[in-house]
Amino acid sequence: MDIAQIRELIELMEEKDLANLELGNHDNYVHLTRHVATQTVALPQMSASASISPTAPTPKTPSGKVETSPMVGVFYSAPSPNDPPFVKVGQKVEAGDQLGIIEAMKIMNPLEATQSGIIEEILVSNAEVVQFGQPVIRYKA
């Protein structure tokens with residue numbers, strides 16, 4: 001695969017708003033990841049007459065600013081089992097600081113802070129499988 005073909009794939013990713021693209025065969029393999037800024041979506045307010053059934057559990061959605069997983073993989077809070085975690089609750093981080101690692105297809109991908117703040121809660125456990133867009137870290141509001 002030459003650079004022109006890779007550029008075409010990048011343009012396709014941008015055109016179709018794809019975050020990840022993998023192609024391969026026996027001779028060639030390419031994995032492209034595009035870092036896309038997460039967006040906050042405002043949900044409509046429920047009216048006073050609307051009610052929630054007491055038997056239906058409501059999922060716990062973190063409030064405040066969160067870092068989400070950019071891909072499906074396994075979250076690791078430290079570089080290795082014997083090392084201290086990258087971040088702890090109460091720690092101040094700057095944009096670009098490493099928060100953890102997400103392993104996808106035997107590749108270790110750094111999870112970096114997209115904003116500065118103080119860690120209020122780590123929402124996933126070490127070695128837990130995370131989904132694309134799943135909240136991982138919550139900052140103090």
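1. Salt bridges. The count of salt bridges in this predicted model comes to three. The points below take the pairs in turn, then turn to the strands, the surface and the chain as a whole.

2. The pair R138 and E120. The side chains of R138 and E120 meet in a salt bridge, with an N to O distance of 2.8 Å. Since R138 belongs to strand β10 and E120 to strand β8, the pair ties together parts that are 18 residues apart in sequence. The side chain of R138 also makes a polar contact with the side chain of E120, again listed at 2.8 Å. E120 is partly exposed, its relative accessible area being 33%.

3. The pair R138 and E121. A salt bridge also joins R138 with E121, and here the closest N and O atoms are 2.2 Å apart. This pair links distant parts of the chain, with R138 in strand β10 and E121 in strand β8, 17 residues apart. Through shared partners, the salt bridges join E120, E121 and R138 into one network. A polar contact between the side chains of R138 and E121 is likewise found at 2.2 Å.

4. The setting of R138. Is R138 buried or exposed? With a relative accessible area of 14%, R138 falls under the 20% cut-off and therefore counts as buried. In general terms, side chains of opposite charge can pair when their charged atoms come close.

5. The pair E94 and K92. A salt bridge is also formed by the side chains of E94 and K92, at 3.2 Å from N to O. E94 has a relative accessibility of 40% and so counts as partly exposed. K92, at 52% relative accessibility, counts as exposed.

6. Strand β10. Strand β10 spans residues 135-139, and four of its five residues are buried, so the strand is largely enclosed by the rest of the structure. R138, discussed above, lies in this strand.

7. Partners of β10. Which strands pair with β10? Strand β3, residues 66-68, pairs with β10 in the antiparallel sense over three bridges. Within this pairing, E67 has I137 of β10 as its bridge partner. Strand β8, residues 117-122, also pairs with β10 in the antiparallel sense, over three bridges. There, I119 has Y139 of β10 as its bridge partner.

8. A nonpolar surface patch. V72, V129 and F132 make a nonpolar surface patch of about 300 Å². Of these residues, V72 lies in the loop between β3 and β4, the latter strand covering residues 73-76. V72 has a relative accessibility of 47% and so counts as partly exposed.

9. The chain as a whole. How many helices and strands are there in the chain? The chain contains one helix and 10 strands, and along the sequence the pattern is α-β-β-β-β-β-β-β-β-β-β. Among contacts between residues at least 6 apart in sequence, 52% join residues at least 24 apart.

10. Of the 141 residues in the chain, 24% are buried. The chain exposes about 10100 Å², and carbon and sulfur atoms supply 54% of this area.

Definitions and conventions
Residues are numbered from 1 along each chain as its sequence is written. This is a predicted model: local features need pLDDT of at least 70, side-chain atom pairs count only at pLDDT 80 or more; totals for chains, interfaces and linings use all residues. Side-chain values use heavy atoms; hydrogens and water are left out. Buried means under 20% relative accessible area, exposed over 50%, partly exposed in between (1.4 Å probe, protein chains only). Helices (H or I, at least four residues) and strands (E, at least two) are DSSP runs, numbered from the N terminus. Two strands pair if DSSP finds at least two bridges between them. Patches are made of residues with over 30% relative accessible area and no salt bridge: like charges are joined within 9 Å, nonpolar side chains (Val, Leu, Ile, Met, Phe, Trp, Tyr) within 5 Å. Accessible areas come from the Shrake-Rupley method with a 1.4 Å probe; for residues, only the protein chains shown count as cover. A salt bridge is a side-chain nitrogen of Lys or Arg within 4 Å of a carboxyl oxygen of Asp or Glu. A polar contact is a pair of N or O atoms within 3.5 Å; within protein, one must be able to donate a hydrogen and the other to accept it, and residues adjacent in sequence count only if both atoms are side-chain atoms. Contact means heavy atoms within 4.5 Å.
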